[in-house]
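Here are my notes on this one, point by point. Have the viewer open while you read.

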Amino acid sequence: MTGTTAGRTDTATHRLPAWRAPAATRSNAVPAGAWWLWALGLATAASRTTNPLLLGLLVGVAGYVVAARRTDAPWARSYGMFIRIGLFVIAVRLLFSVFLGSPIPGTHTLFTLPEVPLPDWAKGVRIGGRVTAEQMLFALYDGAKLAALLICVGAANSLANPARLLKSLPGALYEAGVAVVVAMTFAPNMVADVLRLRTARRLRGRPTGGVRAVLQIGLPVLEGALERSVAVAASMDARGYGRTAHVPAAVRHTTNVLTLGGLLGVCAGTYGLLAAEGAGYGVPLLVAGLLAAMAGLRLGGARSVRTRYRPDRWGVRAWLIAGSGAAVAAVMIWAGTADPAALHPGVVPLTAPVLPLWPAAAVLLGLLPAVVAPVPPSPTGFQEQV
């Protein structure tokens with residue numbers, strides 16, 4: 001009996017990891033594009049609602065996935081910076097509402113500021129005056145929507161490796177490759193330099209907070225991050241990144257028309273999806289733009305003679321991660337047409353927001369990457385094994 005029980009226990013122990021996400025390695029790492037599609041899906045959902053409960057749920061989902069699957073790389077530490085930026089956006093939106101007023105009518109006066117008289121040509125604009133609870137609540141909802149959108153984008157910056165994302169760039173966009181390198185490595189390098197300089201100042205007994213410390217750290221941080229980004233771009237150029245092959249003129253012109261027209265269609269379709277009135281034409285324009293852009297990038301790839309070392313492969317886990325973000329966005333767009341009042345709670349009269357059931361359940365689908373994505377190595381666990 002004991003041997004049989006032990007055998008069953010050993011079998012269950014060996015079978016258990018099959019149901020869990022594997023440890024992250026270079027071969028099974030999630031492509032950076034999957035993380036960006038997941039985050040953009042959450043950002044699209046955040047742009048469709050001003051309900052603070054749904055926005056808080058979206059931020060919580062993004063934060064949980066980042067905490068569960070981010071690595072110790074320098075770019076993974078940028079999530080906290082995006083949270084601070086989001087809080088700053090909310091504070092600025094509230095200040096604008098206080099000092100510049102709001103068209104939202106209200107009966108619950110909080111306080112009254114001295115109003116600055118303006119000329120006749122500035123009718124409709126005021127500085128100071130009565131501040132109501134309704135206008136402050138409206139400003140809070142509006143600022144929270146933008147803050148949640150920025151935090152979702154920050155989640156992609158924390159989870160996606162910028163070098164792997166650059167490697168997945170289509171060959172037709174090789175001209176923009178150097179600029180993409182500088183842009184995408186600047187923020188992670190800046191965060192790493194801030195942490196390094198603050199640690200050095202702390203070890204030397206110098207203050208790390210306050211305006212004076214920020215002024216002393218700011219210039220070296222910007223200079224060091226920019227120098228590193230330019231060095232990466234220069235090394236790419238020295239290795240022949242961007243060499244082109246000869247293609248016929250007709251193919252070049254067709255590529256330019258398809259790529260430019262497709263990108264314009266993607267922009268127009270995205271604007272339609274983000275706007276409350278454009279959901280009807282947004283999807284067809286977005287699909288048509290994507291197809292045209294993909295065809296143009298496919299043709300343009302013939303000009304690139306560079307090869308890819310260990311290209312990222314989209315497996316089942318990558319599609320599940322990207323699909324979970326798309327599902328959240330799709331359900332939120334549908335909910336905006338089926339029950340817009342639940343996604344946009346009113347402020348006149350003052351009412352408490354209600355958490356809608358189906359949109360909230362759809363937001364929880366965004367937690368799927370925390371289950372299916374490979375588990376990054378833990379420094380503590382590595383030390384224990386050693």
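1. Start with the handedness of the α2/α11 pair: these two helices cross in a left-handed sense. Keep in mind that we are looking at a predicted model. Helix α2 covers residues 32–47 and helix α11 covers residues 316–338. Their axes sit 8 Å apart, at an angle of about 10°.

2. Sorted by class, the α2/α11 contact comes out at 13 nonpolar and four polar residues, with no charged ones.

3. The crossing of α2 with α3 is left-handed.

4. The α2/α3 contact uses W35, W38, L42, A45 and A46 from α2. From α3 come L55, L58, A62, V65 and R69. Here the class count is nine nonpolar, one charged and no polar residues.

5. W38 deserves a click of its own. Leaving aside residues up to four places away in sequence, W38 touches A62, V65, A155, L159, I321, A322, S324, G325, G366 and P369.

6. Which residues have the most contacts inside the largest nonpolar core? They are W35, W38, L42, L58 and I321, in a core of 40 residues. Elements that give two or more residues to this core are α2, α3 (52–69), α4 (79–100), α5 (133–159), α11, α12 (340–343), α13 (357–363) and α14 (369–372). The top contributor is α2, with nine residues.

7. A few whole-chain numbers for context. The protein chain has 15 helices and two strands. Of its 386 residues, 36% are buried. Among contacts with a separation of 6 or more, 80% are between residues 24 or more positions apart.

8. Next, a loop residue: T107, which lies between α4 and β1 (109–116). Is T107 buried or exposed? Its relative accessibility is 68%, so T107 counts as exposed. T107 still touches R130 and E134, again not counting residues up to four places away in sequence. Its C-alpha atom is 9.9 Å from that of Q135, which is 28 residues away along the chain.

9. Last one: R298, which belongs to helix α10 (residues 279–300). With a relative accessible area of 73%, R298 is exposed.

Key: Residues numbered from 1 in each chain as written. Predicted model: local features only at pLDDT ≥ 70, side-chain atom pairs only at ≥ 80, totals over all residues. Heavy atoms only, no water. Axes fitted to C-alpha atoms, helices over the stretch in contact; angles between N-to-C directions. Helix = DSSP H or I, 4+ residues; strand = E, 2+ residues; numbered from the N terminus. Left-handed = near helix turned anticlockwise from the far one by under 90°. Nonpolar A, V, L, I, M, F, W, Y, C, P; charged D, E, K, R; others polar. Core = buried A, V, L, I, M, F, W, Y, C linked by side-chain atoms within 4.5 Å. Buried < 20%, exposed > 50% of the residue type's maximum accessible area, 1.4 Å probe, protein only. Contact = heavy atoms within 4.5 Å.
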